[in-house]
Amino acid sequence: MTLDHPIFTRWPAQYPGRLQLFSLPTPNGVKVGIMLEETGLEYEAHRVDIMADESHDPAFLALNPNGKIPAIYDPDGPSGKPLALFESGAILLYLADKTGQFISADPNTRFETIQWLMWQMGGVGPMFGQVGFFNKFSGKDYEDKRPRDRYVTESARLLNVLDDRLAHRDWVMGDDYSIADISLLGWVRNLIGFYEARELVGFDRFLHVQAWFNRSLERPAVQRGLVVTATN
């Protein structure tokens, strides 16, 4: 079996029958690694080094014209036709539907889960990422701290929303771990770890988020998913 897509001229598939993942262990990248490990789907991972600008290689842009990781190519897509897909939230939804895992079949619960996934995509990711820029990366050298503080305040507000949601629940959707949890984990992990913003956002006051975060990290598939494409 051969895969007919330009991406494979740059990242050849050793196992062309498997779902192909193109990623790096960023907060968005680990979402798909975790999801694949949780579902048990067979896949082949390809490391795309964004620091070397590999995500703007023409072969990668043929898969994702937006030039961002993660992206997937599923040779066994809907109706048996191959599917190329980018945007981590869309990929989580696709994999949930493909496997029938980590999203409810009940329409009301399904859309509520999607609601929290969109909340992460539209709020948590962008805001936490800005905190990272202004606290960890080049933005930290700006003398004017008002931009940083604006994003810190909004990130703390979002954490409070999540904390309230988890006050009487183990997981975002209650008893059932879902793509909503998977979408959030990498961002919370980066905020208090790599972005060095734990004290800035007052993370230790969000006790329910802390308990949820620790429960998430105890899952073996999460530990495996966090390092997918870390070295290969």
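The protein is divided into two parts, domain 1 (6-101) and domain 2 (107-222). The model described here is a predicted one. Taken over C-alpha atoms, the centres of domain 1 and domain 2 are separated by 23 Å. Across the boundary, 15 residues of domain 1 are in contact with 17 residues of domain 2.

**The sheet**

Four strands form an open sheet in the order β2-β1-β3-β4, and their pairing is mixed. At the edges are β2 (43-47) and β4 (83-86), each of which pairs on one side only. From one strand to the next, the twist averages 15 degrees.

Strand β1 (residues 19-23) and β2 run parallel and are joined by five bridges. Within this pairing, L21 has A45 of β2 opposite it.

| Helix | Residues | Strands touched | Angle between directions |
|---|---|---|---|
| α2 | 29-39 | β1, β2 and β3 (71-74) | about 150 degrees with β1 |
| α4 | 88-99 | β1, β3 and β4 | about 135 degrees with β4 |

Strand β2, an edge strand, is among those touched by α2. The other edge strand, β4, is among those touched by α4. Both β1 and β3 are touched by α2, and α4 touches β1 and β3 as well.

**The largest pocket**

The volume of the largest pocket is about 920 Å³. Its lining is made up of 31 residues, and those lying nearest the centre of the pocket are T26, P27, I50, W187 and Y195.

Which domains contribute to this lining? Domain 1 (6-101) and domain 2 (107-222) each give at least three residues to the lining of the largest pocket. The two domains that are in contact with each other therefore both take part in lining the pocket, where a lining residue is one with an atom within 4 Å of a pocket point.

Among the helices, α5 (107-135) and α7 (179-192) each supply at least two residues of the lining. The largest share comes from α5, with seven residues. Sorted by class, the lining has 14 nonpolar residues, 13 polar residues and four charged residues.

**Overall picture**

In short, the predicted model has domain 1 and domain 2, with their centres 23 Å apart over C-alpha atoms. An open sheet of four strands has helix α2 packed on it, and helix α4 also packs on the sheet. The largest pocket, of about 920 Å³, is lined by residues from both domains.

How values were computed. Residues numbered from 1 in each chain as written. Predicted model: local features only at pLDDT ≥ 70, side-chain atom pairs only at ≥ 80, totals over all residues. Heavy atoms only, no water. 1 Å grid on protein atoms, 1.4 Å probe; cavity = no way out; pocket = protein on both sides within 12 Å on 5 of 7 lines; lining within 4 Å. Points joined across faces, edges and corners; volume = space filled by probe spheres on them. Nonpolar A, V, L, I, M, F, W, Y, C, P; charged D, E, K, R; others polar. Domains from an automatic or database assignment. Pairing = 2+ DSSP bridges. Axes fitted to C-alpha atoms, helices over the stretch in contact; angles between N-to-C directions. Contact = heavy atoms within 4.5 Å.
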